[in-house]
Amino acid sequence: SSIRQQDGAHLMDSKGNVTSHLAGIFYRSLNLMKKGIQIAYIFDGKPPELKFQTQQMRRERKEKAKEKYLQARDEDDIDSMYKYSKQTTYLNNEMVQESKELIKALGLPVIQSPQESDAQGAFMVESGDLWAFASSDADCLLHGCPRTIPNLTLSQKRKIPGNKFVYIQPELIELDDVLKHLKINRDQLIVLGILTGSDYNPKGIKGIGPKKALNLVKQYKNFDKLFEELKPDFNWKQIYAIFKSMPIMKNYQLKWNNLNHENIIKLLVDKYEFSQERIEKALNETTKKPKEQKGLSSWFK
C-alpha cells in the first residue's frame, strides 16, 4: 500500500500489471537480510466466518476511499490522491502466488497458515522456532505471541501525504511485560480485546473504551456474568474460542536457502520489466559480504 508513485498510482509494467507488491518484498527483504536477519513469511489462510463483518466494513471503506480518490484526481489534488489511494489497496490470488514465488527465490521460508497468520506466528514464536513475529496488529497479543515487533523497517521513516515523512523505529512488545504492567492474565486480555472490539466484533461494545474494559476484566472474575450484564449483540464465547484455539499448521519447515538468481531475474526482469541493472546491483550488494545470521534479538539488547 505504501509503494506508489507520487499521485498514488501503483508501480506497474508496460502492460498495466501491478508490481508494487513485488518491489516491496524484494527490496525490503534484501535490506533486512543484509543486516543478518533471518526472515520467514507467514501468509493468511481462510479467515473465520465471524470475520465477515470486518471484511465487509473494509470493503465499504475502500469503496468510499476510491470515490474520494477519483474526486481528488478530477481536482488534480496530488496529496489527496496519494492519501486515498493507499486506502484502496487490494490483494488478489495472483499477487499472493507471485509473492510466494519471489520469496522462495530469495531463499526464504513460506509458511501457509490455515487461517490467520497472527495465530500461526504466535504459535511459532511460542514454540521457539521464531524469535519474534513482525506485525502491527494487536491481535498477535490476544493469540498469545510472546514477542511482537511493530514497525520492522530499516528506513526509519514513513511517507505521508504532502511528500513528507514521519520517523519511526522498530519496537519490541513482550506479552509477559504487557500482562504484568496491566496486572491481568491472557484470558483477561482476550476479554478486554473483545470488549473494545476485535476483527470478529469490530465495533466492540458501545461506551466501553480501553480503560473501562481494563477495570471490568479486573472487577469480574466470571466473564459469563460480565457479558450477561452488558448484553452485547454478539456471542462473546465464539470470539474467545477463536483466540484460544485457532487452527494452526504444526508440520511446517523453516529452511533458508541461497538466493536463486535465475528465478529472480525471470520473474522481475523478464516477466515484469524491472530494471535488470537495479536488480543485479541489489542482489550483488546482498551476496557480496555474507553476514552471520544474528537474528532479531541482537537489535534489542
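Guide: Angles between axes under 35 degrees count as roughly parallel, over 145 as roughly antiparallel, 65 to 115 as roughly perpendicular and the rest as oblique. The axes are lines fitted to C-alpha atoms, for helices over the stretch in contact, with angles running from 0 to 180 degrees between N-to-C directions, and the helices themselves are DSSP runs (H or I, at least four residues) numbered from the N terminus. This is a predicted model, in which local features need pLDDT of at least 70 and side-chain atom pairs count only at pLDDT 80 or more, while totals for chains, interfaces and linings use all residues. Residues are numbered from 1 along each chain as its sequence is written, and side-chain values use heavy atoms, with hydrogens and water left out.

The axes of helix H8 (residues 186-196) and helix H9 (residues 210-219) come within 9 Å and cross at roughly 140 degrees, and H8 and H9 are therefore oblique to each other. H8 passes H9 in a right-handed crossing, meaning that the near helix is turned clockwise from the far one by less than a right angle. On the H8 side the contact (heavy atoms within 4.5 Å) is made by Gln188, Val191, Leu192, Leu195 and Thr196, and on the H9 side by Pro210, Ala213, Leu214, Leu216, Val217 and Lys218. By class, the contact of H8 with H9 has 8 nonpolar, 2 polar and 1 charged residues, where Ala, Val, Leu, Ile, Met, Phe, Trp, Tyr, Cys and Pro count as nonpolar, Asp, Glu, Lys and Arg as charged, and the others, Gly among them, as polar.

Technical notes:
Helix = DSSP H or I, 4+ residues; strand = E, 2+ residues; numbered from the N terminus.
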